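Please look through the sequence and the 3D structure shown here, and then read the briefing that follows.

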Amino acid sequence: MALTETERLERIARLVPPCPPPNVHEGYDLCPLHGVPWPCPDTQVNWLARGLDLVEAQRKHIDALPKSADLFLTAADMEYDPAEDDSVGSVGGGM
Ligand SMILES: [Zn+2]
């Protein structure tokens, strides 16, 4: 049974799911599943099958990642003394 162009592309997109983006804000640029520069071939196949612009799709996924400021806050939080953290908390609570 012959597939239409759209059916064929939908099937390809379903067979090859995109990989999650690496955390570029932490300095990673490799696909977490394949260890090759992201977007890896699998991810590109999925995007192409869905008719997405690769550059645009890549930018959108990277924009959706938590920003480095959040990551630094989390890392710094863990090093704070409870007393120090308390004073920071009261400043933040004033907002
Ligand atoms: Zn991958």
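**How two helices pack**

The axes of helix 1 and helix 2 come within 8 Å and cross at roughly 150°, where axes are lines fitted to C-alpha atoms, for helices over the stretch in contact, and angles run from 0 to 180 degrees between N-to-C directions. That angle makes helix 1 roughly antiparallel to helix 2, a label given to angles over 145 degrees. This is a predicted model, in which local features need pLDDT of at least 70, side-chain atom pairs count only at pLDDT 80 or more, and totals for chains, interfaces and linings use all residues. Residues are numbered from 1 along each chain as its sequence is written.

**The contact**
- Leu9, Ile12 and Ala13 in helix 1 meet Val45, Asn46 and Ala49 in helix 2, with contact meaning that C-beta atoms, placed from the backbone, lie within 7 Å.

**Helix 2**
- In helix 2, which covers residues 41-49, the buried residues are Thr43, Asn46 and Trp47, buried meaning that 20 or more other C-beta atoms lie within 10 Å of the residue's own.
- Seen down the axis of helix 2, these buried residues fall within an arc of 95°, so they line one face of the helix, the arc being that of the directions from the helix axis to the C-beta atoms.
- Those buried residues pack against helix 1 (5-15) and helix 3 (54-63).

**The whole protein**
- The protein has five helices and zero strands, which are DSSP runs of H or I with at least four residues for helices, and of E with at least two for strands.
- Of its 95 residues, 9% count as buried.

Methods: A residue is buried if 20 or more other C-beta atoms lie within 10 Å of its own, exposed if 12 or fewer, and partly exposed in between; C-beta atoms are placed from the backbone. Two residues are in contact if their C-beta atoms, placed from the backbone, lie within 7 Å. Angles under 35 degrees count as roughly parallel, over 145 as roughly antiparallel, 65 to 115 as roughly perpendicular and the rest as oblique.
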